[in-house]
Amino acid sequence: MLTKRIIPCLDVKGGRVVKGINFVNLRDAGDPATLALTYMNEGADELTFLDITASNERRATMLEWVRVVADAISIPFTVGGGISSPGDAVGLVALGADKISLNTAAVRRPELITECASALGSQAVVVAVDVKRDGDRRRVFIEGGRAPTERDGFEWCLEAASLGAGELLITSMDHDGTKAGYDVEFLAQVSGAVGIPAIASGGAGTSRHVLEAFERGADAALLASVFHFGEIRIRDMKNYLRENGVPVRL
């Protein structure tokens, strides 16, 4: 049985890690490389860095911290934010990133997923899907959660998988930062329908929430504020999961 992964998520703005609630009210949480090294030593399986305000004029800042992180750690890490071409993706992997994460640009031009998969291999392409409840469905948002689209979240997950995504990073904007648990209903719907790993994101406040996500089909769990501010230790969470029958790497 494949082990389940615990992935600290570091949202980066201007070269610093930040954390908010429902994608707003951001607080400084530290230096990317320093936090990355801490999480690696505590037992993180992977790391995800999302440059939440990436744009062309800030590309140099992004490349700088990616290079520093790659030099500091020896576990896989994913970088997302502002990637709009296969060239952007290849450049980040060349600096040391193991995977890249696509969001806004992929929604606007879905063939970008296939192009990046062709350049790097599907295993290196994560498609991040930010969703918010809209009646009985989940609506896809882009631009760091600031812009709604007409896309249905479930249908977009299916399409992204068919286009060559290696993993889906599913973030519930309704749950993000609330520490009230993941949107396990949507996670179960997606993980049961796509043939690629689904990563739970948005809302974890306890180890029990992570257990629930795994029980509903998630292959990995992304967490941010509970780790950034020392509320839960990765080793304690993994011990809890192991005690409850979840295969994890200790």
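1. Helices H8 and H10 are oblique to each other, a class that takes in whatever is left once angles under 35 degrees are counted as roughly parallel, over 145 as roughly antiparallel and 65 to 115 as roughly perpendicular. The axes of H8 (residues 207–215) and H10 (residues 234–243) come within 10 Å and cross at roughly 50 degrees, where axes are lines fitted to C-alpha atoms, for helices over the stretch in contact, and angles run from 0 to 180 degrees between N-to-C directions. Helices (H or I, at least four residues) and strands (E, at least two) are DSSP runs, numbered from the N terminus.

2. This is a predicted model, in which local features need pLDDT of at least 70 and side-chain atom pairs count only at pLDDT 80 or more, while totals for chains, interfaces and linings use all residues. Residues are numbered from 1 along each chain as its sequence is written, and side-chain values use heavy atoms, with hydrogens and water left out.

3. On the H8 side the contact (heavy atoms within 4.5 Å) is made by Ser207, Arg208, Val210, Leu211 and Phe214, and on the H10 side by Met237, Tyr240 and Leu241. These residues divide into six nonpolar, one polar and one charged, with Ala, Val, Leu, Ile, Met, Phe, Trp, Tyr, Cys and Pro counted as nonpolar, Asp, Glu, Lys and Arg as charged, and the others, Gly among them, as polar.

4. Helix H3 (residues 86–95) packs against helix H5 (residues 111–120) at an angle of about 40 degrees, with their axes 9 Å apart, which makes H3 oblique to H5. This crossing of H3 and H5 is right-handed, and its contact joins Pro86, Ala89, Val90 and Val93 of H3 to Leu112, Glu115, Cys116, Ala119 and Leu120 of H5. By class, the contact of H3 with H5 has eight nonpolar residues, no polar ones and one charged.

5. Helix H6 (residues 153–162) and H7 pack at about 35 degrees with axes 10 Å apart, again in a right-handed crossing. Here Gly153, Phe154 and Cys157 of H6 meet Phe186, Gln189 and Val190 of H7, giving four nonpolar, two polar and no charged residues.

6. The largest nonpolar core has 73 residues, and those with the most contacts inside it are Ile6, Leu47, Leu168, Tyr182, Val210 and Leu223; such a core is a set of buried Ala, Val, Leu, Ile, Met, Phe, Trp, Tyr and Cys residues joined through side-chain atoms within 4.5 Å. Buried means under 20% relative accessible area, exposed over 50%, and partly exposed in between (1.4 Å probe, protein chains only). Leaving aside residues up to four places away in sequence, Leu223 touches Ile6, Ile7, Pro8, Cys9, Tyr182, Ala204, Val210 and Met237. Another core, of ten residues, lies apart from the largest one and includes Ile7, Val126, Ala128 and Ile199.

7. Two backbone values deserve a check. Glu143, in the loop between strand S8 (137–142) and strand S9 (147–152), has a phi near 55 degrees, a positive value in a residue other than glycine, and is partly exposed at 32%. Lys179, in the loop between strand S10 (167–172) and helix H7 (184–191), has a positive phi of about 60 degrees although it is not a glycine, and at 33% relative accessibility also counts as partly exposed.

Methods. Left-handed = near helix turned anticlockwise from the far one by under 90°.
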